[in-house]
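Reader: I'm new to this one. Could you walk me through how to read a pair of helices?

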Amino acid sequence: MPLEIDYEKIGLKVGLEIHQQLDTSAKLFCNCKPELFKEEPEITFLRRLRPTQSELGQIDPAAYFEFQKGVKILYEANTATSCLVEMDEEPPHPLNMEAVEIVLAAALMMKAKPVDEIHVMRKTVIDGSNTTGFQRTCVIALNGEVKTGKKIVPIQYVSLEEDAARKMGEEEGDIIRYRIDRLGIPLIEVATAPVINSPKEAGEVALAIGRILRATGKVKRGLGTIRQDLNISIPNGAIIEIKGVQELELLRFVVEYEVQRQLNLLKISDELGKSEVKEEDIKEEFFDVTEIFKQTKCKVVHKALDRNQRVFAVKLPKFKGFLKRELVPNFRLGTEMAYRARFWGRVGGIFHTDELPAYGITAEEVEELRKAVKADEHDAIVFVADNPENAKDALKAVVERAREAIKGVPEETRAPNPDGTTHYMRPRPGAARMYPETDIPPVQITEDYIKQIGSRLPELPEQKLQRLMKEYRLNQKLAKQILDSEHGELFETIVKESRVSPTTVAVFLTETLKALKRDGIQIEKVSENQIREIFKSINAGELTKETIPDMVVWLSKHENKSVQEAVNSLGLKIISEDELRVFVEKVVVDNRELIQERGEDSFGILMGIIMRDLRGKVNAALASKVLKEKLKEFME
Amino acid sequence: MSEKKEFLGYKGEVLETIKKAEAEIGDIIRVTKNEEVYEGILIPRSEYGDEKHVVIKLRSGYNIGIRITPNTKIEKIGKGAKPAFAPTSSPEQNPKLPKVAIISTGGTIASRVDYRTGAVRPALTASDLYSVVPELANIARIDAQILLSLFSENIIPKHWTEIAKAVAKQIAEGVDGVLIAHGTDTMGYTAAALSFALQNLPVPVILVGSQRSADRPSSDAATNLIGAVTAAAKAPFAEVALAMHETPSDTSITLHKGTKVRKCHTSRRDTFKSVNAQLIAKVENHKVTMLIEDYRKRDPSRKLVLKPEFDEKVALIKSYPGMNPAVIDWCVENAYRGIVLEGTGLGHVGRYCFEAIRSAVKHDIVVAMTSQCIWGRVNMNVYDQGRDLLALGVIPLEDMLSETAVVKLMWIFGQTRDMEEAKKLLKTNIVGEFSPRTLPEKSGE
């Protein structure tokens, strides 16, 4: 668990960028379906993206580096989800106005002012995720706000952009595979001012924005449809950009861990400062130490040597002990260096003396290593086994990271780990990477058009909350849960088409589903239609509401099976009243001694027996009624 | 690509408002309207934009348009810095490498976007080239010149003459190959024109273009340039060829014969196809692989024969159902010297045009026939209609592309005004414009 920290006092500043896919009928710049495919690709093509000079006459160093390494991108596509536009073989079509309208509606709900004329821009992105080498994006509205509790958070801009291709993996020979089905799906982006002061608040603001987006009824839901970027800074630290947090629940941890990481890095910098080690003391001097490991028991190194690779080492003066210092749980300064080495050197990992002897590397080998690089007991040594070019690139990155550790916190773009900690992704891109998309004419937004959209805005989350409480008599807690649930719309649909009490439906869609998910049930495999079917069956008296969890569990384990098949397989079919009467009569006769002895007091025990055998197959109220009748008959 | 100088693009009231604020393009301005305040760099307006909006670049890098109303105020709050494109210094030239001359005529491959304004300007000097494609320095010593800055649809026969002369000059100076950067729309026509104008070549002359502008990371310009320079520097053949992507992938560049190549797709990278002919060669991983055996070998001692004159009095007329034969009559009235009829199928034109054709032939106009089918060979002996056209004096042009045919006729009349000589030249296979055999494979895709 993160430390207890007074975030306000340390001057934490967080800004959020929320991206969510829009539920349109076509992509943003062509008429392809905004869908993904699972099958093998029908089309593949190989490209290289070449860094171009930005308007400042500079080339993004990370991009140029990747290019020099000869990275190629293998794109995968099928004809159902991509056309020549995604392949960058045809100019984009005009902006999809259905998407513009959704964003305008969301913008108006956040009191943002629409621009008079939309200009589509190209934002340079050269990692291969866009076939063009840039992402098309445009500002739709400026200067809005969202409320969380008493605080009003300014929204700097609301924009519309195309989603990127999906990374599918990396292959031998520096080939990265991307699938272009996702490329071009419209995304709304909402950016707040960096005014968020605590981890908790970050979550709240994201929730408030998410509620508004959901309220448009025109955003996609489910994993991968929402991505949150954060920029986080503390005084003396650095602005760190964290990209692609998918779960809302993770946001607060991401912020907490980032603050903790920066504080720990500052502490390390402070201590290194006291040891009087200077940046220039750390030299790009790499020693070929392959000989030391000729007989090594370390499997990783051994394997590398078998492939004729070499072992290179670098000395980090006065760094002993710092590489094993934990910044956040399970993440040390050494781990930071390892990620850097992987990125710049494309190596599998690094070894450092703070963690040795271990991994089959002996104390003797470490001692030899010390001699070879002329390290004393205050120094740390990092080494890599790979081909010389990669190994040296990796060690260069390690040296740079070590120098940065002396200075403090380096500016970086980082990616989240599943627990909310983050790792190095790439250096922060320079500012102003945007230039106009000349292939798309500007779109004028008239006042009449804005009025039209304004006149049919969906209800605001606050209004919906009130309505849920009034119309369906949900208590506030449940109403809020429905508001934030993915299934808000489904709730109203089910309540409209069945007589099951709204509270029961709401409890199921929120608490029950959450509990099942916690138990490891893959509830996302059960479709909304199946859930509707279940409630329809309850409405028709064919199922009891007690069976819902069992039904959902079964359906989640049997994809593509019907509700009817679930009922049959689980033996949950409700028995007829006649069958019930026969069964109850038998229970009464079987227990006549008990009844004679206890009279009406035997009801509870008998009811227990009946429900034990007929649970899920009978409505409890009806069973109770029949039992009462039969008891009365018997005692008479 | 804009051929004009960068200009404001603002008109009418908006221009007045901007002038009143004494703001220029690139200045930082503040626009105040209905209590909303926008600050950013004043950006030029597209010449097709309306007269109501001013465009600014926000600090975030986004451009937006603001409608100017009577109560909109514009103030200049800062002087903008003029952006400068900083070409990297040219790398050292390796004297051991072959020398390649690059002649730029314009088009997408020779243009660069101004990041600040979005305006596209020509840029294909040697230093531009090295900064965009540094690998070129490892393939050849490059000498670049900007001859023209034209969209290729604006290139006309007199430009072919200019280009041919410029190529001849470079060859005379002893380069190992010549590259011509060209817009793709009419690059096929220019390739054909140069094939006729530059005969008996000692070294290769390669035309190259791109379908995506060079300022885009995904541009095909770099790969095409690398392929084309490699071919110009090292290829064993000495012909006019056109170099472009083979497929949508950046892996291989194909070299097409100048007289047998056609743009076949509006936007794809592999838009150029060899029609009724085999590819000359392929460049992959900096290596040229020949795909035909019969070609003129590179030989620097060979003497170039320059015949750069063209005569524009030639028409290309596509036949279609209901075509008005008056189109042909118009050519006769205007003293045209040649007409290429792009007929249907094996080389047919409706009987309702026969009278006009007869009249054209009578007026000493060379009338020739190609097919709008694109692939295949005309044969006017199969049907009566064809035989009748032959009887009228129409000359069948075998498997020649219509585009090549019109270029060839223009070139012929640049060489001679003698009708019989002209007809003889038209039927002679001068630079591989006819293929003797139609092969079963490679008919498109």
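Reader: At roughly what angle do the axes of H16(A) and H17(A) cross?

Author: Axes are lines fitted to C-alpha atoms, for helices over the stretch in contact, and angles run from 0 to 180 degrees between N-to-C directions. Helices themselves are DSSP runs (H or I, at least four residues), numbered from the N terminus. In this predicted model, local features need pLDDT of at least 70, side-chain atom pairs count only at pLDDT 80 or more, and totals for chains, interfaces and linings use all residues. Residues are numbered from 1 along each chain as its sequence is written, chains are lettered from A and ligands numbered from 1 in the order in which they are written, and side-chain values use heavy atoms, leaving out hydrogens and water. Here, H16 (residues 548-557) and H17 (residues 563-570), both of chain A, have axes that come within 10 Å and cross at roughly 110°. That makes H16(A) roughly perpendicular to H17(A) (the label covers 65 to 115 degrees; under 35 is roughly parallel, over 145 roughly antiparallel, the rest oblique).

Reader: Which residues of H16(A) make the contact?

Author: Contact means heavy atoms within 4.5 Å. On H16(A) they are A:Asp550, A:Met551, A:Trp554 and A:Leu555, and their partners on H17(A) include A:Val563 and A:Leu570.

Reader: What about H20(A) and H21(A), at roughly what angle do they cross?

Author: Those axes come within 10 Å too, crossing at roughly 130°, and H20(A) and H21(A) are therefore oblique to each other.

Reader: And how many salt bridges span chains A and B?

Author: A salt bridge is a side-chain nitrogen of Lys or Arg within 4 Å of a carboxyl oxygen of Asp or Glu. The rule finds 10 across that interface. A:Lys113 and B:Glu36 form a salt bridge at 3.8 Å, N to O.

Conventions. Helices (H or I, at least four residues) and strands (E, at least two) are DSSP runs, numbered from the N terminus.
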